[in-house]
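Reader: I have a model open and would like to go through it. Can you take my questions as they come?

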Number of protein chains: 4
Amino acid sequence: MASEFGKNIRVSIFGESHGAAIGVSIDGMPAGVSVDMERLQHFLDRRAPGRSRFTTARREEDRPEFLCGIRGGVTCGTPITAIIRNRDIRSRDYSQMENIPRPGHADYAARVRYGGNEDCRGGGHFSGRLTAPLCVAGGIFLQALEAEGITVRARILEIGGNTKDPRGEIEKAMAEKDSVGGIIECVVNGMPPGIGDPIYDGLENRISLAVFGIPAVKGIEFGRGFEAARLRGSENNDAFYFDGGTIKTRTNNHGGILGGISSGMPIVFRVAVKPTPSIGKEQDSIRYDTGENVKMTVQGRHDPCIVPRAVPCVEAAAAMAIYDLMAGEIRPEREYRMEDRNNE
Amino acid sequence: MASEFGKNIRVSIFGESHGAAIGVSIDGMPAGVSVDMERLQHFLDRRAPGRSRFTTARREEDRPEFLCGIRGGVTCGTPITAIIRNRDIRSRDYSQMENIPRPGHADYAARVRYGGNEDCRGGGHFSGRLTAPLCVAGGIFLQALEAEGITVRARILEIGGNTKDPRGEIEKAMAEKDSVGGIIECVVNGMPPGIGDPIYDGLENRISLAVFGIPAVKGIEFGRGFEAARLRGSENNDAFYFDGGTIKTRTNNHGGILGGISSGMPIVFRVAVKPTPSIGKEQDSIRYDTGENVKMTVQGRHDPCIVPRAVPCVEAAAAMAIYDLMAGEIRPEREYRMEDRNNE
Amino acid sequence: MASEFGKNIRVSIFGESHGAAIGVSIDGMPAGVSVDMERLQHFLDRRAPGRSRFTTARREEDRPEFLCGIRGGVTCGTPITAIIRNRDIRSRDYSQMENIPRPGHADYAARVRYGGNEDCRGGGHFSGRLTAPLCVAGGIFLQALEAEGITVRARILEIGGNTKDPRGEIEKAMAEKDSVGGIIECVVNGMPPGIGDPIYDGLENRISLAVFGIPAVKGIEFGRGFEAARLRGSENNDAFYFDGGTIKTRTNNHGGILGGISSGMPIVFRVAVKPTPSIGKEQDSIRYDTGENVKMTVQGRHDPCIVPRAVPCVEAAAAMAIYDLMAGEIRPEREYRMEDRNNE
Amino acid sequence: MASEFGKNIRVSIFGESHGAAIGVSIDGMPAGVSVDMERLQHFLDRRAPGRSRFTTARREEDRPEFLCGIRGGVTCGTPITAIIRNRDIRSRDYSQMENIPRPGHADYAARVRYGGNEDCRGGGHFSGRLTAPLCVAGGIFLQALEAEGITVRARILEIGGNTKDPRGEIEKAMAEKDSVGGIIECVVNGMPPGIGDPIYDGLENRISLAVFGIPAVKGIEFGRGFEAARLRGSENNDAFYFDGGTIKTRTNNHGGILGGISSGMPIVFRVAVKPTPSIGKEQDSIRYDTGENVKMTVQGRHDPCIVPRAVPCVEAAAAMAIYDLMAGEIRPEREYRMEDRNNE
């Protein structure tokens, strides 16, 4: 199912950028998990647009309404569904898209895939706006993992190849009506060893499956990643040693994952984000109706660089993948205890 | 399910390196698909060990026995299962592994995951040997895709960072009882546009899920990949144009995938393979039983570089992911026709 | 995933009887399927409460709001989500349930399952009210099947064992503050042969999986069902014959399904619905808090017989199961045609 | 996937009646589960043919060969695969089936489904012989459940409507070259409360999904089942009471399942098995090649009544469904303990 993720839990993302609402359902979340709504909103605000001059002028409160599955800040054990209404919509900006696909966007591929039935306004279901429901779910998983002592933190490594002054790169791109991409690094600390399954349910498989669900991601590497392909085995292997009673490795080239399973060392991976395809410059494209090549300029509001807003999305995707693999471990509280009631 | 892949079809890989047999089941493959067993064996031979002085001395014929699902070289529509018997086994080589995890291997992670119940001989279920059944399935998908005009071809880009003389790098590593990794590039030609689904069933999600199922893979990138993170949008966007009646892009930085869906341009991705963790050099590790840090040297037979043998595995994984997404499109022949019978 | 159904499509039902809203998401529905909203509402009205003196006094408009996935009465190909707000709620009626489980209801089982975190008001996620979103999805599938010439029709066979005057039985039960169950028969006409898969994806497996998702269903039988267990093979076997060019059977004891696959004959199955567990009479139960046995009388509004309202639910469940198995057959329109645009 | 079962574990059944071998893979089974092979074989013998004059003369040892996943009678945590070679095959008996479908069998439906590519010899993948691998998996689950204090026992209630002398009915049918069906009742004792999930993952949904995977099953009912449809709510509701500290119901009309979740009372269900479609009597059918109606007599060896052999299959199916739902509860032993090693 296209917009679903999960083996032990199921996260279903729905909605279009310019439809009535976007949202997410989480099925299989155990009962009794606490969700701090204030912290969740704080997390969502990190992704929300219109917070700085670097992001799209579109202003959305991104305040999810929880329809079910959470009561008094605690999960019920039944499906959790939250929706976010779309408000600040200017679809006319996108009217030309009906006829002219935007370079670097999913417009044309989606047109072939859905035969023109898709809602392409603002990118429709392919819009970066769909990362809002991802962050609603991810924010819940991040809290659940923190309760287990596991933290997931991502940060910008570079923007447009610039590691020293990333923001400067964004400024320059903006001034030139252009856009830039960048690289995000994510580190998971407190990961217990022994999490993950072989072959297709390894941590690398599942994290990459989740991360490529974020629009504009074009690459992912774990530990030393592509650099490891240039090392000798004697350089890349991480020696085991006892740190007191705990087995650790002296280096972490494996990025905390061996054979798809966590080693107990921090999980480390990096994600390549391409430059925002929507730019102010004139570009070459085609017209479906006349069948001719044309010049076009993308209308609508867009970020010169989505990397800053992608950071919490990477955390959300990683938390979702890790929580899903751990769900079997984090056992739900089932036993109904008489004394609990008596103490009420 | 750990060792399973697929949404429309299901590929289940089973077995341990030193068990009775390894194998694969394919469920959901439509009826009436032709399988050329000779070509399949030829494909498997590209992966098989003992073919050159660069690969492990272990000799396995890797001749699959098909137990069901294929009759007279044509799929029946019911599950296909093939097994490969393990023959040339020297488990004593691995006896020390019971106590000392090999650096860079899954031994320790699997020990925690399975509490010591796992069959770790030769890496057990985590061994590269499990790529043989992957290639049995992948070889079938490659033939099915070729029947649709789709070809999947991978090649070595570099070994140990050397693009000019990859084999020389392997020689050097061998001489030093060391190992090297490398980078493989895979290109899919003849891909129709409109294949793939949004968010979590995009081609990038599904191909990476499959490719990380190959041991030693630590990174993947599509199109310009990590390099795209350093480009401007105006450089990275691929302009659309009409080539006769066909819509193409003048460049292919997107690697044939936009929004997870094929654009009709060739799919291009690169895979980072780490150096074989098994090396002849002495390494640092620990003993489970005594709880002390020790020196160890890996026994057993192993490749100084698994990249050459990983090339067909990457093709198999890509074919599996693509065929799975296309299965809905490549419609099985259901209609029973009287005339067919009459012409028999 | 508990509240999800489907192999080729995915139907996710969410919400609690007394929460903010209930709803459904459908993922994997092809693009270009027409949905007549007026007909859909007409179908939902068959299930809605408060239509007659035989049903609960609770009045709900049951008007779904479609948040995404359908535009201009045609599916977009991306997830479809519809919600129904809960309005006429009187939760105080259920306050005692916190402490006293209602006989015949899921209250106690759910209490153990969710450790008291569940929202048990009005049965919460286990309420018959959750069949409203089922009917929203099912109504769409019924229309899609009708477009293929397949009709699904259910009817009441008997109520409280009475085949002649079912409504009379409901009257009697009402007068005695009691409830009655009944048997529903469902017939699927126009079913093409060759639909269904072996062993666990047969029509019987999938239809029963879906039908047991309707609260109060306690049994299902196909064709002659339990009666067939009392026949000889020579009586129960259905002879094949040619009706012109079409292969048919002279009788239909097999109920249109052989080996889990449709034979082309009408699919026939019957469903046993237990009497509504909520009755006005005093019953024996227990108190969680004091641990003592008590007498209790169920408060709240309820139907003396839910069988009439279950009829469209059975049609919805059957349509969902059948459409899901046929989804691979009913091929989505993918090819984007230039002329279509020109003719617009 | 057609021949797969499971949400938390995955059971894949493969093979054809007259192919090289049949078998089963179990993925997701936790590590450290003991399997007593002698007891497993004893269980398989209950299903095996050729044990009495009432069963087909076909003799098969039904001795599974375990290829992987179990070592020293303990599960490794990785996929378990077992195969059973087909030996006593007389395919010529079935040569006519290529042209004439047997009434009551899947021959014709499968022919349409697979376009004539299916292996129909002896029923191929649709043969009752495929219940052998089901029993291999089910036998393992039965042992795993017993370790949790849960027993699953099925018995014959009636044969051909005869509850007093079932075997006499089989004799009579045999004498008349005919066949009979029957009803099997299954009881699960020691079931903890709180197992099962709402709507589509309830115990009724999952057990029926599994049980309809047994050829010839045409109906299933839980607790009072169809009889409940004729009772008043006041008769059918089961009153709760405290038996010491344990909550029980005074009656068990609900068959141990409320809202799809176990109540802690014994799970009780009944299964309707149709008479063996293969009979010695002449029957009406058609010829594909000539398109004419013909008389035919089924060749080959078959049981006059498969009900006795279906009894262990029902236990296997129920154990599979229940174990799958409990898998999240029966937590695998993950923690690697140093002391365990020291004590070795």
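Author: What follows covers the fold, a sheet, the cysteines, an interface and some salt bridges.

Author: Keep in mind that this is a predicted model.

Reader: Fine. How many helices and strands in chain A?

Author: Chain A has eight helices and 17 strands. Of its 344 residues, 68% are buried. Counting contacts in chain A between residues at least 6 apart in sequence, 70% join residues at least 24 apart.

Reader: Switching to chain D. What is the strand order in the open sheet of five strands?

Author: The order is β1-β2-β3-β7-β4 in chain D, and the pairing is antiparallel. β1 (4–5) and β4 (65–68) of chain D are the edge strands; each has a single partner, so one side of each has no neighbour in the sheet.

Reader: How many bridges hold β1(D) and β2 of chain D in their pairing?

Author: Two bridges, in the antiparallel sense, with β2 covering residues 10–15 of chain D. E4(D) is opposite S12(D) of β2(D).

Reader: And which helix packs on that sheet?

Author: Helix α3 (residues 131–146) of chain D, which touches β2, β3 (21–27), β4 and β7 (80–85) of chain D. The direction of α3 makes about 35 degrees with that of β3(D).

Reader: What about C68(C)?

Author: C68(C) is in no disulfide either; its nearest cysteine sulfur belongs to C76(C), 8.5 Å away. C68(C) is buried, with a relative accessible area of 3%.

Reader: On to the interface. How many residues of chain A are in contact with chain B?

Author: 102 residues of chain A are in contact with 102 residues of chain B. About 7900 Å² is buried between chain A and chain B, and carbon and sulfur atoms give 61% of that area.

Reader: How many salt bridges across the interface of chain A and chain B?

Author: Eight. Between these two chains, K218(B) forms a salt bridge with E204(A), and the closest N and O atoms are 2.7 Å apart.

Reader: And how many salt bridges over all chains?

Author: 112. One within chain A joins E146(A) to R39(A), with the closest N and O atoms 3.2 Å apart. E146(A) is in helix α3 (residues 131–146) and R39(A) in helix α1 (residues 37–47) of chain A, so the pair ties together parts 107 residues apart in sequence.

Reader: Are those two buried or partly exposed?

Author: Partly exposed: E146(A) has a relative accessible area of 28%, and R39(A) is at 41%.

Reader: What does R71(B) meet in a salt bridge?

Author: D119(D), at 3.6 Å, N to O. R71(B) lies in strand β5 (residues 70–71) of chain B and D119(D) in the loop between α2 (107–114) and α3 of chain D, so the pair joins two chains. R71(B) is partly exposed at 32%, whereas D119(D) is buried at 4%.

Reader: And which residue pairs with D178(C) in a salt bridge?

Author: K281(C), at 3.5 Å, N to O. D178(C) is in the loop between α4 (166–175) and β9 (182–189) of chain C, and K281(C) is in the loop between β15 (267–273) and β16 (282–286) of chain C, 103 residues apart.

Reader: Which residues are linked in a network of salt bridges?

Author: E4(A), R10(A), E4(C) and R10(C) are linked in one.

Note on methods
Residues numbered from 1 in each chain as written. Chains lettered and ligands numbered in written order. Predicted model: local features only at pLDDT ≥ 70, side-chain atom pairs only at ≥ 80, totals over all residues. Heavy atoms only, no water. Pairing = 2+ DSSP bridges. Helix = DSSP H or I, 4+ residues; strand = E, 2+ residues; numbered from the N terminus. Contact = heavy atoms within 4.5 Å. Axes fitted to C-alpha atoms, helices over the stretch in contact; angles between N-to-C directions. Disulfide = S-S within 2.5 Å. Buried < 20%, exposed > 50% of the residue type's maximum accessible area, 1.4 Å probe, protein only. Buried area = accessible area lost by both parts, 1.4 Å probe. Salt bridge = Lys/Arg side-chain N within 4 Å of Asp/Glu carboxyl O.
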